[in-house]
Amino acid sequence: MSLQAVLARISEIQGAMAPVQPAQPATPAAPATSTSTGSDSFADQLQGAMTGPAAAGGATAAFGKAAPGTYPHLDGDLDASPEILQKLEALAARKGMKFHINSGFRSIEEQQRLWDNRASNPLPVAPPGKSRHQSGRACDVSIGGRPIQAVISAAEIRAAGLVPLAGDAPHVELP
């Protein structure tokens, strides 16, 4: 059994043993601000689309935020499933990179807000109930301000046990 498989199994067991706590509303992030003239990085634009006024208002997470140091090559919205975070961490470590998770888990309410405001979002948005973000099985990822699929090939993403979503450059999900 590979180390990655062992770590995934340990995480599953720990998740099953963890006490269930009620989800707490997330504090809405402040809208991104910029002094540039349209040259914001992809990550800044995506974060603005995700956290601007349309996204404000109390999403809750099914997965807690990862403990500090658990994923040294990841930062950002670390409330997705441990399985996808472990695969992203392994890929980032192998590449010697730092990955920023722009969006992990989304509540149905958060997905509804994104859907309702999809005209102002630079990326495709799935209707509520159809997004893998709602199960914690998808993440939108940027590397150095660029979407993951612009930095790492689809073949390498698939080899890491993830599925890149064609037409949505930052999106990767579990099979």
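Start by selecting tyrosine 71, which sits in the loop between helix 2 (42–51) and strand 1 (74–76); helices (H or I, at least four residues) and strands (E, at least two) are DSSP runs, numbered from the N terminus. The model is predicted: local features need pLDDT of at least 70, side-chain atom pairs count only at pLDDT 80 or more, and totals for chains, interfaces and linings use all residues. Residues are numbered from 1 along each chain as its sequence is written, and side-chain values use heavy atoms, with hydrogens and water left out.

Tyrosine 71 counts as buried because its relative accessible area is 11%; buried means under 20% relative accessible area, exposed over 50%, partly exposed in between (1.4 Å probe, protein chains only). Show its surroundings next: not counting residues up to four places away in sequence, tyrosine 71 touches Ala66, Pro82, Leu85, Gln86 and Glu89. Contact here means heavy atoms within 4.5 Å.

Now select helix 3, residues 82–95. Its 14 residues reach 20 Å from first C-alpha to last, close to the 20 Å expected at 1.5 Å a residue (the expected span is 1.5 Å times one less than the number of residues). Buried residues in helix 3 include Ile84, Leu85, Leu88 and Leu91. Glycine 96 follows helix 3 and has a positive phi, near 70°.

Which residues touch the most other members of the largest nonpolar core? They are Leu88, Phe99 and Ile148, out of 21 residues in that core. Helix 3, strand 2 (99–103) and strand 3 each supply at least two of its residues, and helix 3 gives the largest share, 5 residues. A nonpolar core is a set of buried Ala, Val, Leu, Ile, Met, Phe, Trp, Tyr and Cys residues joined through side-chain atoms within 4.5 Å.

Centre on phenylalanine 99. Leaving aside neighbours within four places in sequence, its contacts include His73, Leu88, Val141, Ile148 and Ile152.

Finish at asparagine 121, in the loop between helix 4 (108–116) and strand 3 (138–143). Asparagine 121 is classed as buried because its relative accessibility is 12%. Its side chain reaches the backbone nitrogen of leucine 123 at 2.9 Å.

Zoom out to the whole chain. The chain has 6 helices and 6 strands, and buried residues make up 37% of its 175 residues.

Definitions and conventions: Polar contact = N/O pair within 3.5 Å; in protein donor to acceptor, adjacent residues only side chain to side chain.
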